[in-house]
Amino acid sequence: MTLDRPEISDLVIAFEPATLERLPVPRDEVLATLERHGMSAAARLVARWPHPEGVLDARFVDAVLLRAHLELQRLSEEFRQGERMRSLLVPLLDTLRRERVPGPYRVVDVGCGLGYVIRWLAAHGGLGDDTRLIGCDYNAPFISFATRLAAEEGLRCEFAVANAFQLSEPATIFTSTGVIHHFRRESLDRFLGEQGASGASAFLHFDTKPTYLAPIGSWIFHRARMREPLALHDGVLSAVRAHSPDTLAAAARRTCPEFAVGVHDGARELVPVLKVMLALVGVRRELRGAYLERLGPLAGRLGELA
Amino acid sequence: MIPALLAVLAIIDAAFAGFRAAAGRDARIFKRAYYQRAVLVGVGAGVALVLALAALTLAALVLARSPSALYAELLAIGARMLHVFLAYALLVVAALVLYATARRELRILATVSILGPFTLLRPLVVIVATIRGLGGGASLPAIALTVVSSASVLGLGRLLDRRYGREPPLT
Ligand SMILES: C[S@@+](CC[C@H](N)C(=O)[O-])C[C@H]1O[C@@H](n2cnc3c(N)ncnc32)[C@H](O)[C@@H]1O
């Protein structure tokens, strides 16, 4: 039960699944959920937020989430999430080209937040003219912010308020950073299954690597870096909630039978201090050999791709 | 030498405080200029603080019954404090060098296990240095000057943080 403590950011915002229209969030329901999980500190935090007529003030919630994601981007910069994504993405795009998968290749970042990784790739990725970078999120203020930022810096990428799995132009590659631990059990299966069924060629999902040191390391680090209480709370909790490599690989193999699946940096280490992120990697079976070849020495960190 | 070292450390500390105050508030990709400005703001604030503390110390010396005795006492306190500060600074510099030069994984080790925790420890380090500085017993003016200096170094970080917190997130 403690393992499934929810993150505050998952509770305080809600969307109508079909239209992505923002739904009102009754404050007392959030407080009750937090109390039910024994999360009194989190409940006290949300209890202080404005709630006209018992509904959490959406603009206030947006401002908190925006500040939290600004701080999250700082962590992404320090953790070099863009570079990390590129290291697995470039060989993947090369594989598609060599195997004559028709382009242009649409890299769709699921739950892109402020779009840091997509914008970084647009700025530094050198991914080629046949590649389009698209960030998707349900949160409209994030997307308009990401769009403005990209325009301000002249970056070639797009952002959309959309369910990444229901785009009119489908994705070639799905990516994400720090998103999959938000999906638990059946919803993880649904998340992975939807992308498996979408016609995409591959996926790369990065997330915190769960090790015995991750919770304490994450606590110290977030304590030092985060000012926004929600960012501190959710950041620390997400290290606890991170899925194990086995859970991820098993779920992806179960739900994406047409894909060869592996976990990059999933290997257990005695003193787990160097590898703080892992990546769930999936490629269509017919691309497996070519991708392993293109990965070169990185293939050794992938474990089994099966 | 001792006052100069303390002043330089205080200004460097303020430069870092400027960086920290600016970090996590600007989502652009290219931010070298943004961070440079933040560091400069920190340096400026640090210089101003050092000048103010120097003026305060000067005033105390002028007013003291025996300026040379007070000055000698302040030097001794400063020397003891420097031991603590220099040890801290050395570790931070080592971690920064590692962060700047190492490959990605080691870099992250440097930031997670040293730079992060050391940011957290900073107030404690200043407090420990102050206690150590005053440990041998000190006169009232010396205690007052030391405590005010330490407190203002810590306060400066907060001030810079507040200042950046007031700016809206995008340009
Ligand atoms: C923790 S945030 C994103 C963090 C971001 N990747 C980063 O590294 O800064 C997760 C986001 O995923 C979004 N999301 C979840 N499922 C999605 C889907 N199927 N399509 C688009 N966005 C989705 C949510 O709206 C939420 O804002």
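Two strands count as paired here if DSSP finds at least two bridges between them. Keep that in mind for the opening stop. The model is predicted.

**The sheet**

Select the strands of chain A that form the open sheet. There are 7 of them, in the order 5-4-3-6-7-9-8, and the pairing is mixed. Go to the edges next. Strand 5 (158–161) and strand 8 (259–264) of chain A sit there, each pairing on one side only. Look along the sheet for its twist. From one strand to the next, that twist averages 20 degrees.

Zoom in on strand 3 (residues 105–110) and strand 4 (residues 131–137) of chain A. How many bridges join strand 3 to strand 4? The number is 6, and the two strands run parallel. For one pairing, select A:Y105: its bridge partner in strand 4 of chain A is A:T131.

**A cis peptide**

Check the peptide bond from A:G103 to A:P104. It is cis, with omega near -10 degrees.

**The cores**

Show nonpolar side chains next. In soluble globular proteins, such side chains tend to be buried together. The largest nonpolar core here has 78 residues. Which members touch the most other members? Select A:V46, A:W49, A:L88, A:L89 and A:Y291. Then colour helix 4 (residues 58–78) of chain A, which gives the most to this core, with 7 residues. Domain 1 (8–69) and domain 2 (72–301) of chain A each supply at least three residues to the core.

Centre on A:V46. Leave aside its neighbours within four places in sequence. The contacts are then A:I8, A:V12, A:V30, A:L31, A:L34 and A:L56.

**The cysteines**

Display cysteine sulfurs. The structure holds 0 disulfides over all chains. Start with A:C112, which is in no disulfide. Its nearest cysteine sulfur, that of A:C136, is 6.7 Å away. The cut-off for a disulfide is 2.5 Å. A:C112 is buried, at 8% relative accessible area.

Move to A:C157. Is A:C157 buried or exposed? It counts as buried, because its relative accessibility is 16% and the limit for buried is under 20%.

**Two positive phi values**

Finish with two arginines. Select A:R80, in the loop between helix 4 and helix 5 of chain A. Its phi is near 55 degrees, a positive value in a residue other than glycine. A:R80 counts as partly exposed, at 21% relative accessibility.

The last stop is A:R185, found in helix 8 (residues 185–196) of chain A. Phi of A:R185 is also positive, near 40 degrees, and again the residue is other than glycine.

Notes:
Residues are numbered from 1 along each chain as its sequence is written. Chains are lettered from A and ligands numbered from 1 in the order in which they are written. This is a predicted model: local features need pLDDT of at least 70, side-chain atom pairs count only at pLDDT 80 or more; totals for chains, interfaces and linings use all residues. Side-chain values use heavy atoms; hydrogens and water are left out. Buried means under 20% relative accessible area, exposed over 50%, partly exposed in between (1.4 Å probe, protein chains only). A nonpolar core is a set of buried Ala, Val, Leu, Ile, Met, Phe, Trp, Tyr and Cys residues joined through side-chain atoms within 4.5 Å. Helices (H or I, at least four residues) and strands (E, at least two) are DSSP runs, numbered from the N terminus. Domain bounds come from an automatic or database domain assignment. Contact means heavy atoms within 4.5 Å. Axes are lines fitted to C-alpha atoms, for helices over the stretch in contact, and angles run from 0 to 180 degrees between N-to-C directions.
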